[in-house]
Amino acid sequence: MLSHLFVNGLTFALLSAICLSLPYDGTQQVLSDHKPSINLPTNDGFVLPVFDSKPVSRAEEIRSNRIGYQYGPPLLGNTSYFPTGPLGDAMVQRDKQMWFQDVQYVTEKVNGIEIPQAARALAEIGGIKTLSDYATLYDGQWKYSIPDGVSPGMLTNWTQDLLFSMERLSNNPYAVKRIHPEDQILPFEVEQSTAKKLTNMSLEELHRTGRLFVADHSIQAGYPTIPGRWTAACTAYFYIHPKSGDFLPLAIKTNVGRNLTYTPLDDENDWLIAKMSFEMNDLFHGQNLHLAATHDVAEPLHQAALRTMSSRHPVRGLLDRLMYQAYAVRPIGDEVLYNPGGFFDQSFALNNEAGRLFAGDMYPVYAGLFRSSQFRPDLVTRGLVNCTYGPQLKSMPFYETVEPMMTAIEDFVTVYVESYYPSDALLTHDLEVQDWMVEAHVGAHVLDFHPAPLTERAKLINILSHIAFLCGIGHHVLNAATLGEAAGILPLHPSAFQKPLPECKGCIDDLMPYLHNDTEALKQASLLVRFNRPLLEEWDGNLVNQWSGKQFLAATSDSVREAAAKFKRTMESISDHIRAQVFDDNGFGPQGMPFIWRSIDPRKIPYYLCV
């Protein structure tokens with residue numbers, strides 16, 4: 001490690017000597033040519049260590065940080081470290097205090113107004129007796145926590161197969177993947193006559209032509225449940241129809257009880273309970289994956305930065321901005337959400353320990369892998385975009401919505417990085433960044449991270465852009481408004497069944513005994529709306545304002561401030577476009593779905609890991 005260069009307070013002198021002793025490669029010219037244009041520290045301005053006029057205090061700060069920020073044991077599953085030590089503990093307490101302040105509005109409105117109001121509305125109709133009665137639970141009941149209400153179409157078109165399948169490409173785009181015709185075998189069989197009747201092709205033909213997809217939640221069969229509640233562990237097939245090009249469901253295998261396989265050709269109640277079973281597993285998957293794939297990836301990289309970089313370093317400054325109150329979520333989740341008898345146990349069939357186990361199981365094999373889980377590479381690997389062995393999806397709402405946002409993030413980060421590093425050579429000799437890279441591997445144990453040393457600005461731009469994606473968009477698509485508006489709406493998305501799955505097909509006369517009564521429905525709805533932050537726009541806490549913090553921008557250059565303003569205009573334009581979406585004459589939204597997917601709106605996405 002290179003951190004010893006900072007500990008003795010000789011940063012500037014040592015780095016100058018190192019640069020002067022190097023074979024000429026333009027580095028000396030970089031240092032002399034660009035020093036005047038770098039933001040020298042005036043008050044709290046960001047500055048690279050080689051240009052810092054206070055190397056001794058900078059070195060002392062890093063020495064104190066290495067003592068004060070320690071890696072503690074993981075929280076909420078066997079995933080990444082959680083900070084401890086004198087400074088780490090103080091940071092966690094500070095973040096928890098800010099989190100409770102931010103959530104106070106929603107908590108008061110949900111408990112004091114919305115739950116009583118929803119309960120009265122249900123009582124006025126005599127309680128939930130039919131599937132259509134669940135609409136009363138959402139009809140204007142959550143105006144404070146979810147001001148935009150339920151996604152249009154989610155309460156009226158929820159029985160449509162296209163709505164069910166397109167949720168896999170929007171509400172939770174992380175569970176589904178295309179089955180490679182050569183490298184992957186089929187997880188279960190579907191009768192040839194059934195497949196041909198639905199698709200005009202056999203299962204093997206769908207597989208061979210790259211039209212077959214799978215979402216596999218079978219791992220959930222091994223997790224502990226709450227007594228008196230039941231769930232499945234579904235594996236589901238989806239396919240691209242050879243004529244219409246629509247992305248549709250083919251079959252759902254429950255993997256529990258009689259392990260029945262359902263298709264759209266089954267009785268209406270059979271097929272509905274199969275879809276509900278899958279949605280239940282998908283809700284559990286999304287909620288717990290989001291912990292392992294966002295919090296548990298971004299946090300250790302920031303912890304490594306806390307131990308290796310001065311707060312005056314521009315990379316540390318950007319990470320500090322993104323990690324606003326991030327360290328509140330895991331301890332508060334441990335105390336009130338995933339605690340025995342807590343909110344999770346009160347609603348879900350799989351218990352709090354199951355959530356922890358799932359996060360730990362997913363972290364080392366998928367969720368925690370930094371490079372392979374990035375936005376575009378992940379979608380390509382799973383055959384959802386730019387597929388070379390099958391037809392393209394007619395519509396991929398997650399990709400189409402997020403791609404321009406991701407480009408805007410990368411554009412800003414490029415300006416930011418290049419304003420401090422006019423060349424790769426200057427980056428190569430930034431010892432704090434190089435220490436950070438090493439620390440991420442040997443200290444924080446970040447999985448699948450870029451190897452040290454970091455010699456290219458493009459790689460730093462990639463790293464910082466992905467962290468920005470994780471803290472905002474990636475986190476939000478599995479959480480926050482997505483839950484209360486779409487991914488957790490009853491009756492299609494129950495968190496638990498009230499009786500075991502049926503033993504045979506054709507045995508269900510009435511779905512209602514399986515589903516939530518008034519009390520359980522209120523528990524689920526009120527829990528999921530709590531994850532939203534309706535005042536983000538008012539607080540400048542949304543994605544539109546990801547780079548607009550006054551203190552953050554005050555420490556940067558004019559070019560960075562201009563880039564931040566451009567980013568804000570771009571996000572506002574994207575938000576305007578999303579908010580203007582309506583159904584066409586055929587009842588479809590602009591992305592070919594029978595519901596309007598507006599959860600990924602920059603004005604309602606927190607730029608930080610808020611919940």
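Begin by selecting helix 14, which supplies four residues, the largest share, to the lining of the second largest pocket. Please note that the structure on the screen is a predicted model.

Next, display the whole lining of this second largest pocket, which comprises 26 residues. To find the middle of the pocket, select Tyr-174, Ala-175, Lys-177, Tyr-366 and Arg-382, the lining residues that lie nearest its centre. Then colour the elements that each give two or more residues to this lining: strand 3 (176-178), strand 4 (212-216), helix 14 (352-367) and helix 15 (375-381). The space in the second largest pocket amounts to about 660 Å³.

Now proceed to the largest pocket, where the space is about 760 Å³. Select its lining of 30 residues, and then highlight Gly-317, Asp-320, Arg-321, Gln-551 and Phe-552, which lie nearest the centre of the largest pocket. Four elements may be coloured here: helix 5 (85-124), helix 10 (268-308), helix 11 (314-322) and helix 23 (550-554) each give two or more residues to the lining of the largest pocket.

Which helix gives the most to the lining of the largest pocket? Selecting helix 5 provides the reply, for helix 5 contributes six residues, the most of any element.

Definitions and conventions:
Residues are numbered from 1 along each chain as its sequence is written. This is a predicted model: local features need pLDDT of at least 70, side-chain atom pairs count only at pLDDT 80 or more; totals for chains, interfaces and linings use all residues. Side-chain values use heavy atoms; hydrogens and water are left out. On a 1 Å grid over the protein atoms alone, a cavity is a set of points where a 1.4 Å probe fits but cannot get out, and a pocket is an open set with protein on both sides within 12 Å along at least five of seven lines; lining residues have an atom within 4 Å of a point. Grid points are joined across faces, edges and corners, and a volume is the space filled by probe spheres set on the points.
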